[in-house]
Amino acid sequence: MSTILTNVSKSYDSDKTVLNDVTAEIQTGEFFVIVGPSGCGKSTLLRMIAGLTSISEGEIHIDGQMVNDLPPKDRNLTMVFQSYALFPFLSVWDNVAFGLKARKNTSQAEIEERVNEALKMVNLEELKDRKPRELSGGQRQRVALARAVASDAKICLMDEPLSNLDAQLRIKMRQEIYALQRKLGLTLIYVTHDQVEAMTMADHIMVLHNSQVQQIGTPTEIYKHPANEFVASFFGVPPINIMPAVKINDQTIKVNGDFEMSIDQQVPESDFQVGIRPNEMMLEKVDELTANATVKSVEFLGDEKIVYAKMAHNNVEIAAVVASDAEFKAYDTILVSAADKALLFNHEGVNITQMEAVVNA
Ligand SMILES: Nc1ncnc2c1ncn2[C@@H]1O[C@H](COP(=O)(O)OP(=O)(O)OP(=O)(O)O)[C@@H](O)[C@H]1O
């Protein structure tokens, strides 16, 4: 019982492929997030699962049934859009009931029970007679969620449902959606361009870029073992530092011509890059002669600081997370090195790290 995409491709015009050969299996009851930069085809993929956009090549199966030619209403799924798609002239209650009424095979008593239950779940019972225009953005979002919940569909598809909300409400709604999905055991397929949303909610994440699936994995797998440079850079704030490196000897490399580190795998001969997360960078204030970088700016975040620095070679800029009491300021001359872990990428950007690299600071 799952949703299976097999070699799914999409071209809108004959020459432009928007999605190329997407294969994935989404388990029943899981929170599956599709993430990627703007225009990478996320919505298109969701709309193909929903049946709102045709499939150019490949097959989609839902619970064992090939659905390529099945109209949306027969796919037993529900969808929450960015715009919520609420009917402005219907009350909250009627908006939630709309799908059930349209199906015609649900009794009035059952409709009432389901709608009331769904409204209770999202804490909107008291506002059930209001019209959408009399609600805040977050409340409208909850109506859309209640509608999805009431429909009792097996699969719920959401396309950037939180993008219209302010930051605080987004965090709150994120928690509510997550709690609801867990409570109901919904299969939730969720599209976002926000890596934090993906990381915090997903059981599995599909990363899309350049029309292709870059990686499918749990948030931990994606963060710790990114398939390539793109995935490594997409997740993490500030992003991972990627720098060129050369081999010094079998287990020592020189990063960006600025500092050496030893790693516990056979070092590639040439032409590779190293990726170091900002919290693995180490900084030390030193005199100009010893320095290999200069501080550009410092951001104070409360518990920690982010130091942005320019390395001595290649105009490379790095970010480092340091303790909030570390005293760095713009124009300080510093010695940059790296602690603990590094990823290695070959010239095509593919992650070739065999084991975690260890630093010899
Ligand atoms: N109906 C259409 N006809 C032609 N091209 C389309 C159509 N819909 C989308 N596209 C193109 O397909 C590509 C993928 O669009 P899609 O909306 O799936 O991306 P997305 O990843 O959801 O982007 P965003 O995060 O900006 O919403 C884009 O280049 C877009 O211009």
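## Strand pairing

Two strands pair if DSSP finds at least two bridges between them. Helices (H or I, at least four residues) and strands (E, at least two) are DSSP runs, numbered from the N terminus. This is a predicted model: local features need pLDDT of at least 70, side-chain atom pairs count only at pLDDT 80 or more, and totals for chains, interfaces and linings use all residues. Residues are numbered from 1 along each chain as its sequence is written.

Start with strand E11 (residues 241–249). Five bridges join E11 to strand E14 (residues 272–276), and the two run antiparallel. Met 243 has Val 274 in E14 as its bridge partner. E11 is also joined to strand E12 (residues 252–255), by four bridges, again antiparallel. Here Ala 245 stands opposite Val 255. E11 and E12 form a hairpin, with two residues between them.

## The whole chain

The protein chain has eight helices and 20 strands. Its C-alpha trace spans about 80 × 45 × 35 Å along the principal axes.

Of the 361 residues, 36% count as buried. A residue is buried if 20 or more other C-beta atoms lie within 10 Å of its own, exposed if 12 or fewer, and partly exposed in between; C-beta atoms are placed from the backbone.

## Helix H5

Helix H5 covers residues 167–184. Its 18 residues should span 26 Å at 1.5 Å a residue, and its end C-alpha atoms are 26 Å apart, which agrees. The expected span is 1.5 Å times one less than the number of residues.

Arg 170, Ile 177, Leu 180 and Gln 181 are buried in H5. Seen down the helix axis, the buried residues fall within an arc of 95 degrees, so they line one face of H5. That arc is taken from the directions from the helix axis to the C-beta atoms. On the other side, the exposed residues are Gln 168, Lys 172, Gln 175, Ala 179, Arg 182 and Lys 183. Just after H5, Gly 185 takes a positive phi of about 65 degrees.

## Around the ligand

Which residues surround the ligand? They are Tyr 12, Val 18, Gly 36, Ser 38, Gly 39, Cys 40, Gly 41, Lys 42, Ser 43, Thr 44 and His 193. A residue counts as near if its C-beta atom, placed from the backbone, lies within 6 Å of the molecule.

Helix H1 (residues 42–50) gives the largest share of this shell, three residues. The shell divides into three nonpolar, seven polar and one charged. Ala, Val, Leu, Ile, Met, Phe, Trp, Tyr, Cys and Pro count as nonpolar, Asp, Glu, Lys and Arg as charged, and the others, Gly among them, as polar.
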